[in-house]
Amino acid sequence: MGIRQHTLAKCAMVFVVMAAVGLSGPTGPSWADTQELETFIRARIEIGETMIQFMREQGSMERPVEKLRQMEEEINAMVARVLESYGLTIEEYRERSPRVFADEAAANAFLEEHPDLKKRYEVLPLHQAGGRYGAP
């Protein structure tokens with residue numbers, strides 16, 4: 001596998017994992033309060049940073065199917081630990097995040113008020129690949 005395919009495979013895996021835990025674009029009515037919005041933004045950042053670090057540590061993407069399954073289990077466990085630190089489960093995050101991020105103006109205002117979080121958020125691969133707040 002060439003370096004370009006290797007890089008694309010890594011990016012694809014990160015995108016799939018992030019999408020699997022509900023990092024899709026905004027939909028539905030806005031109902032998130034500031035505290036909830038902060039929780040979800042911080043969780044999204046931490047998940048993204050954790051996945052970036054994990055993929056760096058993994059190296060080559062040339063793996064047998066068994067190793068890929070093991071990686072999937074490790075990723076799910078890491079995401080669950082991150083979300084648990086915010087009092088959330090993967091299922092809750094997947095269900096609620098589209099509604100929390102539905103109000104782009106509120107999310108943008110929050111990030112503007114917290115430049116440290118905004119900087120961390122903007123470098124996440126999913127954010128760079130698509131629309132605002134992780135939307136493809």
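Predicted model: local features only at pLDDT ≥ 70, side-chain atom pairs only at ≥ 80, totals over all residues.
1. Glu112 forms a salt bridge with Lys118, with the closest N and O atoms 2.3 Å apart, and Lys118 is itself partly exposed, its relative accessible area being 22%.

2. Lys118 also meets Glu122 in a salt bridge, at 4.0 Å from N to O. These two residues lie four apart in helix H6, and are therefore separated by about one helical turn. Glu122 is partly exposed, at 37% relative accessible area, and salt bridges that share partners join Glu112, Lys118 and Glu122 into one network.

3. Glu112 and Lys118 also belong to the contact of H5 with H6, where Phe110, Leu111, Glu112 and Glu113 in H5 meet Pro115, Leu117, Lys118 and Tyr121 in H6. The residues of this contact divide into five nonpolar, no polar and three charged, and the axes of the two helices come within 5 Å and cross at roughly 115°.

4. The whole structure holds six salt bridges, and one of them, according to the model, links Glu95 with Arg99, with closest N and O atoms 3.5 Å apart. Both residues lie in helix H4, four residues apart, or about one turn of the helix; Glu95 is exposed at 56% relative accessible area, whereas Arg99 is partly exposed at 28%.

Notes:
Residues numbered from 1 in each chain as written. Heavy atoms only, no water. Axes fitted to C-alpha atoms, helices over the stretch in contact; angles between N-to-C directions. Contact = heavy atoms within 4.5 Å. Nonpolar A, V, L, I, M, F, W, Y, C, P; charged D, E, K, R; others polar. Salt bridge = Lys/Arg side-chain N within 4 Å of Asp/Glu carboxyl O. Buried < 20%, exposed > 50% of the residue type's maximum accessible area, 1.4 Å probe, protein only.
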